[in-house]
Amino acid sequence: MPDVGTLRLPGRIHFGYGSRAQLAEAVLVHGRKVFAVVDPFLVHSRFYGDILAGLRDAGIEVRIHSDITPELPVGTLDEAGALARDYGPDVVVAIGGGSALDAAKLIALLAVHPGPLSGYYGENLVPGPVLPIVALPTTAGTGSEVTPVAVVSDPDRELKVGISSPFLVPAVAIVDPEFTVGSPAPVTAYSGIDALVHAVESYTAREFTLDWSLPLPVFTGRNALIEPIALQAARHLGPGLPVAVTKPDDRRAREEVAKGALLAGMAFGSTGTHLCHALQYPIGALTKTPHGLGTGLMLPYVIDALNGDRLAALGAALEGIPVREASKERLRARVAEINRAIGVPSNLAGIGVTRDQLPRIAELALGSKRLIAIAPIEPTRAALLDILERAFEGAS
């Protein structure tokens, strides 16, 4: 197949310690009236007052919305969208973890387009631009600040559901590692290992045959433009993540993880993700465990199932070694070693999954058609069950 690629990214991305000082300038490009979606955990943080004061000192009117419910129940977002529509902002500012950023994307959608949000479930159903979004992540992992997808929970559905559209890509992403310094070890570990999964799954995505005369899918599979980005993400996350977890005030490690998570978001926002994510959604629903814990736990077992031709390059990047010294087996061993170092459980039994639940997990994962379609192997029920059996037993 010929090399093809598509990138859909924010018009501006700022990275580095202190980059949050760009916020007011980035907002003023779009207007002076802000609807700020702020993670409730930040309202009493040392950053919150400074950020708010900086916006107001620049003559920007701000309305704060911090009523962000975990798991993002769709009804709460419909309500928040109505609040934003009534307020009439020029721009939405998102400050927080992945849930806050996803909420801001969907509020920006509903501020322009009619609800309910359920009408946009799936891909490419957002009919046009949403309000401009300026995103400041305070955790390093989800990549939501640069991606075209947001995930919600719906009481009428067994699993979480995604809304995917290029129109959801924020206008500006500002990634300041300062926000993550001192974050609790589990938050750093689970968000950081999820970022590594993003890098691995984007680099190993299936090749799609694209018809350039038709509208493209949101996620376009293996992508020549993101391959170096995915490898660079692994290069930063491999050495940085264990240090950031065990030494939460290590500024260099925090910088490495934040940079790797940003790059991994840039990568999977174009290609999509596959088997770890497809399997994690039912695993997370059954066990009520964090998303990154599930994707990270599954990563060594998904690597087992993949062909080895591209995995050596990933392993070389992760460890900073020549490709000739790398292999699928060495990559798998290094990922398992990182998981042990940061406290990711080694098997499904350890997080409460029972063997009789494995067939149902496989069945539900097969229903995640967008994710399954990107898998580089044929995602049969038998193949998924084999991965799950190995993960249940903790097979080495």
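This is a predicted model: local features need pLDDT of at least 70, side-chain atom pairs count only at pLDDT 80 or more; totals for chains, interfaces and linings use all residues.
Residues are numbered from 1 along each chain as its sequence is written. Local features need pLDDT of at least 70, side-chain atom pairs count only at pLDDT 80 or more, and totals for chains, interfaces and linings use all residues, while side-chain values use heavy atoms, without hydrogens and water.

**Exercise 1. Work out how H9 and H11 are oriented to each other.**

Step 1. Locate the helices (DSSP runs of H or I, at least four residues, numbered from the N terminus). H9 spans residues 291–305 and H11 spans residues 328–342.

Step 2. Take the axes (lines fitted to C-alpha atoms over the stretch in contact, with angles from 0 to 180 degrees between N-to-C directions). They come within 9 Å and cross at roughly 170°.

Step 3. Apply the cut-off: over 145 degrees counts as roughly antiparallel. H9 and H11 are therefore roughly antiparallel.

Step 4. List the contacts (heavy atoms within 4.5 Å). On H9 they include Leu297, Pro300 and Tyr301; on H11, Leu331, Arg332 and Val335 are among them.

**Exercise 2. Decide whether strand S4 is buried or exposed, and find its partners.**

Step 1. Locate S4 (strands are DSSP runs of E, at least two residues).

Step 2. Check each face. Val91, Val93 and Ile95 are buried on one side, and Val92, Ala94 and Gly96 on the other.

Step 3. Find the pairings (at least two DSSP bridges between strands). S2 (residues 33–38) runs parallel to S4, joined by 5 bridges. Phenylalanine 35 stands opposite valine 92. S6 (residues 133–137) is also parallel to S4, with 5 bridges. Here glycine 96 stands opposite proline 137.

Technical notes: Angles under 35 degrees count as roughly parallel, over 145 as roughly antiparallel, 65 to 115 as roughly perpendicular and the rest as oblique. Buried means under 20% relative accessible area, exposed over 50%, partly exposed in between (1.4 Å probe, protein chains only).
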